[in-house]
Amino acid sequence: MGGRAGLDSDVLVAAVLRPTGASAAILLELEQRAFQLVYSDPMLDEVRATLGDPTLRTRYKVTEPDVTLLLAGSRRYGRKITLKGMTGLSDDPGDDKVVETALKGHAQVLVTFNLGHFAKGKASRVLGRARVSVMSPAEFLGRLRGKPAPQRRRAGRALGRMIRRRGG
């Protein structure tokens, strides 16, 4: 599959909360350069804020190093997109930054758990015109793994360390 993909903040959060799930596996594929992540600072700010919630941190035993490794890995292996603050791209104003990031980053895929938000309404029309597919983490992971495996690199990179620390 390869190419560029936007990961909704819910996918990045899920990678930390569930290190054995598809979202965490996607980060390992990112680290192996199976695709290029497109991200924006507002999206990473949302991830940091979500993972900073004290209740969530206690329940899932999320540490500051977990969050730092996730954000650093996203920046290292991703391509930063600067947003202009476009509005009206989706029916939910909170999703506009996700759609704009995918569009400006020339993503072929937007990976999200909120398929309903992006597969219908304004977002669907905007993403469809730009030929951006919307997929769940499991679907995207399956497509990544359906192609010949990329050259494996030695373990020990930032995202892999974070996932292994979390129990993956």
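## Aromatic pair

One aromatic pair turns up when the whole structure, a predicted model, is searched. The ring centres of Phe35 and Phe140 are 5.1 Å apart and the ring planes stand at 85°. Planes over 60 degrees apart count as edge-to-face, so the pair is edge-to-face.

Phe35 belongs to the loop between helix H2 (22-31) and strand S2 (36-39), while Phe140 sits in helix H9 (residues 137-145). The pair therefore ties together parts that are 105 residues apart in sequence. Are these two residues, Phe35 and Phe140, buried or exposed? Both Phe35 and Phe140 are buried.

## Helix H2

Of the ten residues of H2, eight are buried, so the helix is largely enclosed by the rest of the structure. The buried positions are Ser23, Ala24, Ala25, Ile26, Leu27, Glu29, Leu30 and Glu31. This list includes Glu29 and Glu31, which count as negative.

Just after H2 comes Arg33, with a positive phi of about 65°.

## Asp8

Asp8 is located in the loop that runs between strand S1 (4-7) and helix H1 (9-17). Asp8 is buried, yet it has no salt bridge. Which side chain of opposite charge is nearest to Asp8? It is Lys97, at 7.2 Å. A salt bridge needs a side-chain nitrogen of Lys or Arg within 4 Å of a carboxyl oxygen.

Leaving aside residues up to four places away in sequence, Asp8 touches Met43, Val98, Leu110, Val111, Thr112, Asn114 and Phe118.

Technical notes: Residues numbered from 1 in each chain as written. Predicted model: local features only at pLDDT ≥ 70, side-chain atom pairs only at ≥ 80, totals over all residues. Heavy atoms only, no water. Phe/Tyr/Trp six-rings, centres within 6.5 Å; stacked < 30°, edge-to-face > 60°. Helix = DSSP H or I, 4+ residues; strand = E, 2+ residues; numbered from the N terminus. Buried < 20%, exposed > 50% of the residue type's maximum accessible area, 1.4 Å probe, protein only. Contact = heavy atoms within 4.5 Å.
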